[in-house]
Amino acid sequence: MTLNPPPMQLQSLATEARFIELEPYYHPTGDEIALFEVAYLNRLPLLLKGPTGCGKTRFVEYMAWRLKRPLVTVSCHDDLTAADLVGRYLITADETVWIDGPLARSVRAGAICYLDEIVEARRDTTVVIHPLADDRRMLPLEKRGELLQAPPEFALVLSYNPGYQSVLKDLKPSTRQRFVAIEFRYPEPAVEETIIRNESGTDHATASALVRLAHMTRNLKGNGLDEGASTRLLVHAARLITRGIAPATACHGAVAEALSDDPEMLRTLDEFATSVF
Amino acid sequence: MPKTVDAPALQQQLEYLLGPVLSARRSAAPLAQAIATLDLARQAFVLHWIEVIDRSNYELAYRFAAAAPAALEVLDETAARAWLLEALDRYDREGLHSASSLLQDHAAFGTAVDHAVACNFEECAGVLRLFVRGLGGRTLQVEAGPRVSTDTDTLFLPARIAPMPSKNENFNIFKGLSTLLWAQNRFGSHHHDLASACAAYPEPGHAADLLMHLEMLRLTPRIAALVPGVARLLENWHGNPDPRCLRLQQPGATTCDSLVLLEQLYGRLEPPRLPWRIHLHTQASARREARVERERGELAALLAQLLESQRGPGAGEDDDAGRFSIDHHRGAGDGTNYTLRLDGQPLQAPPAVGERIESLLQDLGEIPDDYLQAQAGPDGNAADTAGTAPQEGSRGFHYDEWDCQRRHYRRSWCTLREIEIKPGNSAFVDATLARYRPQIEGLKRSFEVLRGEDRRLRRQHHGDDLDLDAVIDARIGVRNGQEMPERLFTRRQKAERDLAALFMVDMSGSTKGWINEAEREALVMLCEALEVLGDRYAIYGFSGVTRQRCEIYPIKRFSEAYNTAVRARIAGITPRDYTRMGAAIRHLCTLLSAVDARTRLLVTLSDGKPDDYSDHYRGEYGIEDTRQALLEAHHAGIRPFCITIDHEARDYLPHLYGPVSWTLVDQVEKLPLKVAEIYRRLTG
């Protein structure tokens, strides 16, 4: 049995020099590709909305490949500050040196800068995003007294999951109204099946059972689950099954345990898994 | 010492316990003789439960006493307990008749059942409910019931299943039955009045069995398309179908086909024996019609609202525009997809509309055009029907209550409603503010200290700026040949107060007079102080009479600002009736759980023990139910705290709230000053 090659080759390069050379697998579900391209040509920043694991990151990778621009991805977390994005002075042996942050590097290199799960970041990060996201397209490096003007190739892409329903984790209107938004949903069953088969090499029956499993978990959203099983989880499960793991075991590991810790919920998810195969 | 209690002594006890239902023709003597034959442990068991059941109904206790000796011969204690609890539940739900018939029929609870492999509904109810929810379609309740059936709102399942040799197999019967009943709802079995159809046959029971078998054959392929694992189980139950029934397994088969086959095969085909008999619910058709009627009205109101939001007010009066239509696409296998259109243009249906449409589609198969006319609600206001979560049905919210005698919940025992408070005179608030002005200023100052501020942490490993002092020290160090220190940054840390508090205020009759006034003053000062702090908070009053009328009075919801309306409501707090605390706590915890905060606090302002007019709520029962409700709150990650003015609180509050989570304000007139202060200590 041979393993499928990973979808893309990762290399140890400077952040802004990461070009995606192999075409990432992406199955369009609407006109999102055209929308992205036109927005990119018009230098409009983009906001990708949608639940976790439905293909936002893959879409950006695909577009970076298609537009032949380097991709700089920053996964935002609750301790991510403006300085982490813009840059800071670091002290070496005898002097202080300015080091550009990923956002500044992408602006200089004309890359696509992808801020994943932007609502997780600290509030002050939005301050540096704002001037970049309107027609000024500038990044102020206050500490250096420098103002970076973004080249036409530069693009800012944010992703955001509106499903968390938290008052704290919401984008301010002043931020979101700067962006062209593309909404992502879980794909239609037939499309999702194709995606699973392409990503994992599994057969039709398994993919179809996994899609049904996913729909059952998505019905439980708000009834004990925050999110249903994402396409990504289904791909994980499918890969385990293709390599010879029993479907029930694979679904338990890749889907049930990934969705919940509650014993009753885990039991239900296991019952789903044994019922759909 | 005698090993058992003898018959005369038992008779005396029974006469005392069952007095109200004994008469000249009905004496306790035969009961006593039968019970006397049991061993001491069983005698104690019977007497204990007679006492417990007495509190619900004397007649039921009598019937239990009559049935117990025979039942205890075959049931062990666990099975007997399950049998009794089911009987009591049934009494609560359906009344004496149904409960006594179960008491006479203990066989259902298994002779010599192996308890290690039996599957009780109670223990797997959670999983089954989620499972049915996951299958999709309209939300269905799942309950234990006397007969396995569905009334199209609820799936009724057996209280326990034990015929198979392993727990897993017994659970699978539960799974099979619930999937089958779900499929009856999902795939249109009840579009026809099946009960009347069967009633036309000489033996309606036999016709119903055959019809259920035919429907099962029809539904199995539908189930197989979604959950083949369950379908295999059902195939094992019905075996290879009779060749005459094969057309039911064609994709387009409907219940009409089943009814036609019923006519042809009645008396000619013996349905196979299932692990559990599936019944027809007599109310299924009535329930469905009532729901369709209700949802039709709701849909019309929601569509009116939708039209208004699309077209602006006044739309829809013009007959030519504002016409909704629906395209049905028959999906492959599972259910129906649809597109809602307004004047031909596709429209994304809001969730509330989608829910009604899907439910109606499930009940009717398709939506007739006259169901799609936008029509404002009866009071002309469409907006009223689309409430905010959690939705309160016209019958109010239902909550379980803990019965300490049964050591079991009474299901959906309390009915609770949210009732608007009549605004009072806001002069009261102004007077309070004026009277306590200096104290309020003091409170505000002390609360300001608590407010989360940014702090700058110095000499950090990482940070957003250089710590100049540290850098200079480092330079000096390096010049002197020391090692370069690493902590050179400053970092800003935001001390956030991620806290939501819900205040639950006793509005019972006993607060009449100055207690009520002190409570209101306390709330005014609390609000003033909390506004400084910026914590999210809500205030609700509670009272009520009996389990049928528990009442909650919203004073300030989490989403509301502290404004004049809230002040008027505080002023309008008046003493009402009793304090059935369990239901109030359960309801408010549901509200509090919906708030996203790291710490959730439920603060009760109380003047005494939980108490209600009936059901023995006063005393142990009420205290234990309250305690159970508070334990549930704990499990939900809520911290309860109680502020009381009852001097006897020491006797029961530690039992309810634990040793530290309560405090006594011994002088009522100090309450206004204390409440905010206690809150500050609690959250500081």
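A: Here's a walk through some helices of chain B, with a look at the contact between the chains at the end. Keep in mind that this is a predicted model.

Let's begin with a pair of helices. In chain B, α7 covers residues 121-135 and α8 covers residues 167-186. Two packed helices are described by the angle between their axes and the distance between the axes. For α7(B) and α8(B), the axes come within 10 Å and cross at roughly 35°, and the crossing is right-handed. So who's touching whom? On the α7(B) side you'll find Cys124(B), Leu128(B), Phe131(B), Val132(B) and Leu135(B). They meet a set of residues in α8(B), among them Phe171(B), Phe174(B), Lys175(B) and Trp182(B). Sorted by class, this contact has 8 nonpolar, 2 polar and 1 charged residues.

Next, slide along to α18(B), residues 514-533. This helix has 20 residues and reaches 28 Å from its first C-alpha to its last, close to the 28 Å expected at 1.5 Å a residue. Because 15 of its 20 residues are buried, α18(B) is largely enclosed by the rest of the structure. Just after this helix comes Gly534(B), with a positive phi of about 80°.

Finally, chain B also touches chain A: the contact takes 18 residues from chain B and 26 residues from chain A. On the chain A side, α11(A) gives the largest share, 9 residues. By class, that side of chain A divides into 11 nonpolar, 10 polar and 5 charged residues.

Methods. Residues are numbered from 1 along each chain as its sequence is written. Chains are lettered from A and ligands numbered from 1 in the order in which they are written. This is a predicted model: local features need pLDDT of at least 70, side-chain atom pairs count only at pLDDT 80 or more; totals for chains, interfaces and linings use all residues. Two residues are in contact if their C-beta atoms, placed from the backbone, lie within 7 Å. Helices (H or I, at least four residues) and strands (E, at least two) are DSSP runs, numbered from the N terminus. Ala, Val, Leu, Ile, Met, Phe, Trp, Tyr, Cys and Pro count as nonpolar, Asp, Glu, Lys and Arg as charged, and the others, Gly among them, as polar. The expected span of a helix is 1.5 Å times one less than its number of residues. A residue is buried if 20 or more other C-beta atoms lie within 10 Å of its own, exposed if 12 or fewer, and partly exposed in between; C-beta atoms are placed from the backbone. Axes are lines fitted to C-alpha atoms, for helices over the stretch in contact, and angles run from 0 to 180 degrees between N-to-C directions. A crossing is left-handed if the near helix is turned anticlockwise from the far one by less than a right angle, and right-handed if clockwise.
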